[in-house]
Amino acid sequence: MDETIRAKVESLLQQMTLSQKIGQMVQTERMVITPAEVKAFHIGSVLSGGGSCPGDNQVADWVDMNDAYWAASMEADDEHLAIPIIYGIDAIHGNNNVSGATIFPHNIGLGAANDPDLMEAIARVTAREVLATGVDWTFAPTLAVAHDPHWGRTYESYSQDSALVARYSSRFVQGLQGDLGQDGIVATVKHWVGDGGTTHGIEQGDTRISEGELRGVHMAPYLPAIDAGVLSVMVSFNSWNGDKCHGHSYLIDYVLKQQLGFQGCVISDWDGIDYTADSYFDAIAIGVNAGIDMFMVSEHWRPFIEHLSCHATHGTVSMQRIDDAVRRILYMKFACGLFDKPRPAERYWSNHESFGCQEHRDLAREAVRKSLVLLKNEDQLLPLAKDARVLVAGKNADNIGHQCGGFTVAWQGTSGNEFVVGGTSIWQGIQSLAANAVMSSADGEDADPAQHDVAIVVIGETPYAEGMGDIRDGDDVIIQAGSQINGKLKTLEPYGSSLVLEDLHPEDLATIQRIRDKGIPVVTVMVSGRPLVANSEIDASQSFVAAWLPGSEGQGVADVLFGDHAFSGKLSFSWPQTTSPVRVSDTGYEPRFPVGFGLE
Ligand code: GLC
């Protein structure tokens, strides 16, 4: 810790009362706390859960909201010390909650781009679009090393290859935090630790692996980020060999803080401590004593403050631990320049005209191009001629909401073109390059070989986030996982029960076959948050492109389909051909396409 900052932290810490210290350890949701309560209870942070947006979700609404919270937090009086609030959001692929933001490809596509320089550039632009809204903290980047496509958060992972994730982690942190002056925001690496390795890919499930694999695969990407000075780490919902990470003092206090020397703020996930014990009172002591510093409390911040005050009074949580937590929170706030900044309404980037600008969108379009992976291209059908008579079909062809995926405007994402303001659908991109392209009905019924030389069929998944993206073969996997966890397993309604695309979305294969059976060659573009077993769809297509979740700039897909740019993307996840074995570490696992595959 910088000595100047250390002196400021210690000086402020000495002035703080117990209630002011405990207040700083609370992060709660904007819908359950007012600026007046932020002051009265000395709250350290406010957040937006996915899709929790002020006013009309315009940039100005966000600045006004943050200005009000900040002003209240800085109104010193006999009871309250001026310690600036810090607002946190999930800006995980651009400032994705806010209307008009540039939406970048989700991490799975960025992994296929295999371009660390691009990561830093994306992070820098994301920081500016976050600062434009008066926000100083994002819960990104995710450093998950996802090993099982059943997991609903696979798309938040750059790769199944830990080394690729590690190559990205410090660059993305550097892009977000910069020199921690007016251009930087606090980055959060998450989720500590082993979120991508749970059995059956169950979100919040149990990662049952050796410590050697946990360190070598899942912890490894955090080391470059810590060396790069990342200011916060978010604890993971998952368990490690039955023990909840949110109560794991070995993983948090010993490994992360003592062994790896992390000096910033450890924050819980959304009510993450609640699942460590039956009683909230006990859960709070478990979480604080495990080494968590700030607690993301979606609603019950008053009981949290009461219970922790009681623990402090009775010694079941030591003042030394509380002081360590507050020291780290203050360090994060000083280090990101929060004490030196003017109020949000008066900051350089607030309401800045560069929000969602064409330059930012061009960067996102470049990322889309680099993320595309060509898996099949019989007779070199691609690239298409721009004067070809192209029929475009498929449910994801003209749907910006679907191409953005989860954590876009709403937590679970959106459907249609009206909710994501700005950008282009894949169809709109094709239309701009190919004068003779026509939009079919989604199912391709009107395909006619007399009128159409080739078809582009855009298929795949519809948006989801977190556990609602899980694919579970049945409730037995939940029962088995739950039986191995000390604590409570919170499962959400899954996306489906099969890794086979034609089981999940039979409309896709039907559309491809309907058009192909009329003698029209098909270029299939798959929009999805993960690889799926898609043998029938691949076999029925003459060309097949994995587009992942490209975000708002669908134009980037057309740029490559019509040859303005070459395919360069390489799989950062292997592509399964069977539903079992399907984990990269399973004996006998034989993917249809291995990591690193991609035609050019
Ligand atoms: C969610 C996610 C986490 C996110 C947090 C705030 O449950 O697990 O990644 O940052 O809550 O939305």
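Me: In this predicted model, how many bridges join strand 1 to strand 2 (residues 45-47)?

Reply: The model is a predicted one. Strand 1 and strand 2 run parallel, and in strand 2 the bridge partner of Glu-29 is Leu-47. The number of bridges that join strand 1 to strand 2 is three.

Me: Which residue in strand 11 is the bridge partner of Gln-27?

Reply: Strand 1 is also joined to strand 11 (residues 295-297), again by three bridges and with the strands running parallel. Within strand 11, the partner of Gln-27 is Met-296.

Me: Which residues of strand 1 (residues 26-29) are buried on each side?

Reply: Strand 1 is covered on both faces. Val-26 and Thr-28 are buried on one side, and on the other the buried residues are Gln-27 and Glu-29.

Me: How much of the accessible area of the ligand does the protein cover?

Reply: The residues around the ligand include Asp-90, His-191, Met-296 and Glu-466. An oxygen atom of the ligand is 2.5 Å from a side-chain N or O atom of Asp-90; for the side chain of His-191 the corresponding distance is 2.7 Å, and for that of Glu-466 it is 3.0 Å. Of the 310 Å² of accessible area that the ligand has on its own, the protein covers 96%.

Me: Are the rings of Tyr-155 and Tyr-464 stacked, tilted or edge-to-face?

Reply: A search of the whole structure finds 16 aromatic pairs. In the pair of Tyr-155 and Tyr-464, the ring centres are 5.6 Å apart and the planes stand at 55°. Planes under 30 degrees apart count as stacked and those over 60 as edge-to-face, so this pair is tilted.

Me: How many residues apart in sequence are the parts that the pair of Tyr-155 and Tyr-464 ties together?

Reply: Tyr-155 lies in the loop between strand 4 (137-138) and helix 7 (162-177), whereas Tyr-464 lies in the loop between strand 15 (454-460) and helix 17 (475-483). Both Tyr-155 and Tyr-464 are buried. The pair therefore ties together parts whose separation in sequence is 309 residues.

Me: Are the rings of Tyr-250 and Tyr-254 stacked or tilted?

Reply: Both residues, Tyr-250 and Tyr-254, belong to helix 10 (residues 249-259), where they are four residues apart, about one turn of the helix. Tyr-250 is partly exposed at 31% relative accessible area, and Tyr-254 is partly exposed at 34%. Their ring centres are 5.4 Å apart with the planes at 25°, so the pair is stacked.

Me: Within what arc do the buried residues of helix 10 fall?

Reply: The buried residues in helix 10 are Leu-251, Ile-252, Val-255, Leu-256 and Lys-257. Seen down the helix axis, these buried residues line one face of helix 10, because they fall within an arc of 165°.

Me: Which residue with a positive phi follows helix 10?

Reply: The phi of this residue is near 70°. The residue that follows helix 10 is Gly-261.

How values were computed. Residues numbered from 1 in each chain as written. Predicted model: local features only at pLDDT ≥ 70, side-chain atom pairs only at ≥ 80, totals over all residues. Heavy atoms only, no water. Phe/Tyr/Trp six-rings, centres within 6.5 Å; stacked < 30°, edge-to-face > 60°. Helix = DSSP H or I, 4+ residues; strand = E, 2+ residues; numbered from the N terminus. Buried < 20%, exposed > 50% of the residue type's maximum accessible area, 1.4 Å probe, protein only. Arc of directions from axis to C-beta. Near = heavy atom within 4 Å. Polar contact = N/O pair within 3.5 Å; in protein donor to acceptor, adjacent residues only side chain to side chain. Areas by Shrake-Rupley, 256 points an atom, 1.4 Å probe, with all protein chains shown as cover. Pairing = 2+ DSSP bridges.
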